[in-house]
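Work through these exercises with the model in view. Try each task before reading its solution.

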Amino acid sequence: MLDASREDIVSGSLTRVLVVLAAPLVVQNFALVAQEVVDLFWVGRLGGTAVAGVGLAAVLVGLLLVPFMMLFTGTQVVTSQRVGAGDEAAARRVPFTSATLAIPLAAVVGVAVLLGAEPVVDRFTDEAQVATYAVAYLTAYIPALFTTSLSDTLEAGFTGWGQTRIALYVNAVAILVNVVVDPLLILGYGPFPRLEVFGAALATGIGYGVGALVALAVVLRGREGFRLTADAVRPHLATAREVVTVGAPIAGQNLGRQLARLVVIAVVSVAGGAAGLAAYHVGSRVATVAFVPAQGLAQAATSVVGQNLGAEHIDRARRATWIGVVMAAVGLGVLGVVQWLFPAFIAHVFVPGMAGTDLTYTVAYLQILAYGYWALGAIYTVEAGFNGAGETRVSMVSTLAQYWAVRVPIAVVVYVLTYDVTAVFWAVTLSNVAAAGWLLAYFAYTSRRGLFERAADLPESEPESDGATEGAATG
């Protein structure tokens with residue numbers, strides 16, 4: 001059984017329910033990463049300059065997706081809390097209301113891309129071919145804005161409900177289509193035109209279009225808890241306001257993160273040129289693979305915390321967070337050791353022909369990143385505790401501090417002093433460790449002083465002498 005019922009989530013074994021809910025999400029996220037790796041593999045056939053161009057575009061795509069994260073996170077949190085409270089009719093309204101917001105938002109963002117892609121890209125690189133590739137990718141990504149926003153909003157509803165198996169199916173179909181179409185459109189096999197990086201982005205849009213159709217087909221069948229009803233598809237203003245209120249800090253969090261990444265990209269471009277950009281892109285993709293289990297666990301923990309708060313089970317929500325933190329930090333720490341030992345091998349798995357300065361920078365980045373993997377596992381899962389409680393502002397403030405108070409200043413200052421691109425790589429790891437430290441400390445403090453009671457609208461209970469510690473130990 002790959003889904004967990006409400007009864008499992010609010011009364012069963014927390015370790016088991018986290019694993020059961022996280023397993024499909026981990027598989028799904030690995031599939032998403034596999035899609036990115038396949039993109040990188042086929043784009044890599046076009047050369048290092050193409051990889052650098054797509055790497056720059058990928059950071060800008062992350063910026064474009066910021067407003068949609070507001071809808072995705074808000075949908076999952078509000079849906080989970082309403083399911084936990086036993087109000088399934090209200091829970092069904094959430095994903096459909098969010099979808100009605102996502103489509104016009106995609107139209108606005110698409111117009112902005114058409115008007116601003118070229119001048120924005122030109123600000124981050126002086127290499128004409130890198131800029132050409134980046135602009136081509138961004139332009140081709142416009143259809144994907146519509147399909148991914150619809151698909152991901154419905155998936156957030158399934159995840160919040162505890163039906164992570166359905167979210168897995170939707171993504172698996174989207175990714176499979178993308179993987180098949182990628183080489184056809186990038187390199188022009190058979191009757192298909194050779195579209196190069198334009199084809200890579202177009203394939204993503206096609207894949208998620210099919211995924212969105214699968215999600216709609218599931219809710220039309222009406223066999224799952226999250227199903228189509230006349231009331232659910234009617235846009236609901238109060239629901240929309242609640243989704244936006246919960247999700248807006250996540251949008252702010254991601255905006256701050258993506259803007260900081262653009263600054264880092266600019267420093268990397270100046271310090272290392274196309275080779276530095278290629279290393280940064282490959283390192284980011286490798287890290288994305290490593291982070292998958294922690295991300296899946298964090299998504300599961302958000303739903304578990306939300307449903308337990310909806311059911312007014314305060315201690316279970318607290319313990320679920322600590323158990324997730326221990327599992328993620330230990331798991332990613334082990335992966336970090338493997339990455340530190342075999343960086344060149346890992347780099348060649350992603351880009352087989354990588355050599356010279358590209359490989360030197362990539363190996364350095366992979367080893368430096370590995371030191372902070374445990375911290376990233378802790379960050380993802382402790383933020384799930386705050387997010388599940390609706391306190392998404394904590395994640396926003398933490399991320400802004402992580403990037404703008406630690407990462408960017410260290411990257412800029414140390415580079416100015418050393419003129420070494422690896423200074424930027426060290427700034428990434430140091431900021432991750434710092435953020436894990438203050439988030440864990442703040443969660444321990446606030447969870448004992450009414451964080452979850454306020455989220456569940458209950459009177460604050462007396463701090464437990466060993467609740468958080470016991471939760472972590474049993475994980």
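Predicted model: local features only at pLDDT ≥ 70, side-chain atom pairs only at ≥ 80, totals over all residues.

Residues are numbered from 1 along each chain as its sequence is written, and side-chain values use heavy atoms, with hydrogens and water left out.

**Exercise 1. Describe the largest pocket and its lining.**

Step 1. Lining residues have an atom within 4 Å of a point.

Step 2. Take the volume, the space filled by probe spheres set on the points. The largest pocket has about 210 Å³.

Step 3. Find the helices (DSSP runs of H or I, at least four residues, numbered from the N terminus). H3 (48-64) and H5 (88-122) each give at least two lining residues. H5 has the largest share, seven residues.

Step 4. Sort by class. Ala, Val, Leu, Ile, Met, Phe, Trp, Tyr, Cys and Pro count as nonpolar, Asp, Glu, Lys and Arg as charged, and the others, Gly among them, as polar. The lining has 11 nonpolar residues, one polar and no charged. Leu60, Gly116 and Leu138 are among them.

**Exercise 2. Describe how H7 packs on H8.**

Step 1. Two packed helices are described by the angle between their axes and the distance between the axes. Axes are lines fitted to C-alpha atoms over the stretch in contact, and angles run from 0 to 180 degrees between N-to-C directions.

Step 2. The axes of H7 (residues 142-161) and H8 (residues 164-187) come within 7 Å and cross at roughly 155°. That makes H7 roughly antiparallel (over 145 degrees) to H8.

Step 3. List contacts, meaning heavy atoms within 4.5 Å. Phe158 of H7 is one of the residues that meet H8. By class, this contact has four nonpolar, four polar and one charged residues.

**Exercise 3. Which residues of H6 does H3 meet?**

Step 1. H3 and H6 (residues 128-140) pack at about 45°, with axes 8 Å apart.

Step 2. H6 brings Gln129, Val130, Tyr133, Ala134, Tyr137 and Leu138 to H3. The contact has 13 nonpolar, three polar and no charged residues.

**Exercise 4. At what angle do H7 and H9 pack?**

Step 1. The angle of H7 with H9 (residues 197-221) is about 35°, and their axes lie 8 Å apart.

Step 2. The residues of this contact divide into 12 nonpolar, seven polar and one charged.

Note on methods:
1 Å grid on protein atoms, 1.4 Å probe; cavity = no way out; pocket = protein on both sides within 12 Å on 5 of 7 lines; lining within 4 Å. Parallel < 35°, antiparallel > 145°, perpendicular 65-115°, else oblique.
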